[in-house]
Amino acid sequence: MGFALGCVIVWATLIKDRERPAWMPEGRVIEYLEKAEILITDEAKCKLDCYVIPSDFMNADFWSNAKVNFKKSATERKPCPEYYIFSKIANGTAIVVYIETCEQENKASLRNIEMPNQLNCNCN
């Protein structure tokens, strides 16, 4: 009885209204990227123009639907791993982005974009 009461008191005073950071790898990556300033490379700019996507497409809706595919990501690349992220843009179209993160330098770069079932852009 005392243990349960102690757990309730700890929860009510320390944990209840606290904003908790993500603790799973996917959640940590998405949480970091959602807050980061993401630079757009020339190749990514070309693809944004080709697919007619606004440069501010990575909004709260984008991140809430985002899934990191760690098998297709280059997480072991040092010092800046690259993540393969699948999501949807405002009109519901599926999109894949490759974002390189350099957390030590507090940088992230949108390096590439793929739109499944869309034409190929000549941006290389």
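Predicted model: local features only at pLDDT ≥ 70, side-chain atom pairs only at ≥ 80, totals over all residues.
Residues are numbered from 1 along each chain as its sequence is written, and side-chain values use heavy atoms, with hydrogens and water left out.

How many salt bridges does a search of the whole structure find? The search finds four, where a salt bridge is a side-chain nitrogen of Lys or Arg within 4 Å of a carboxyl oxygen of Asp or Glu.

Let me begin with K47 and E43, whose side chains meet in a salt bridge at 3.9 Å, N to O. Both residues lie in helix α3, residues 42-51, and they are four residues apart, about one turn of the helix; helices here are DSSP runs of H or I with at least four residues, strands are runs of E with at least two, and both are numbered from the N terminus. K47 counts as buried at 10% relative accessibility, whereas E43, at 26%, counts as partly exposed. By buried I mean under 20% relative accessible area, by exposed over 50%, and by partly exposed in between, with a 1.4 Å probe and protein chains only.

Now to R111, which takes us to the strands. The side chains of E82 and R111 meet in a salt bridge at 2.8 Å, N to O. Because E82 lies in strand β3 (residues 82-88) and R111 in strand β5 (residues 107-114), this pair ties together parts that are 29 residues apart in sequence. R111 also forms a salt bridge with E100, with the closest N and O atoms 4.0 Å apart. That pair, too, links distant parts of the chain, since E100 sits in strand β4 (residues 94-102), eleven residues from R111. As for burial, E82 counts as buried at 13% relative accessibility and E100 likewise at 17%, while R111, at 32%, is partly exposed. Taken together, R77, E82, E100 and R111 are linked in a network of salt bridges.

Which residues does I30 contact, leaving aside its neighbours within four places in sequence? They are W63, A66, K67 and V68, contact meaning heavy atoms within 4.5 Å. I30 and Y83 are 53 residues apart in sequence, and their C-alpha atoms are 9.8 Å apart in space.
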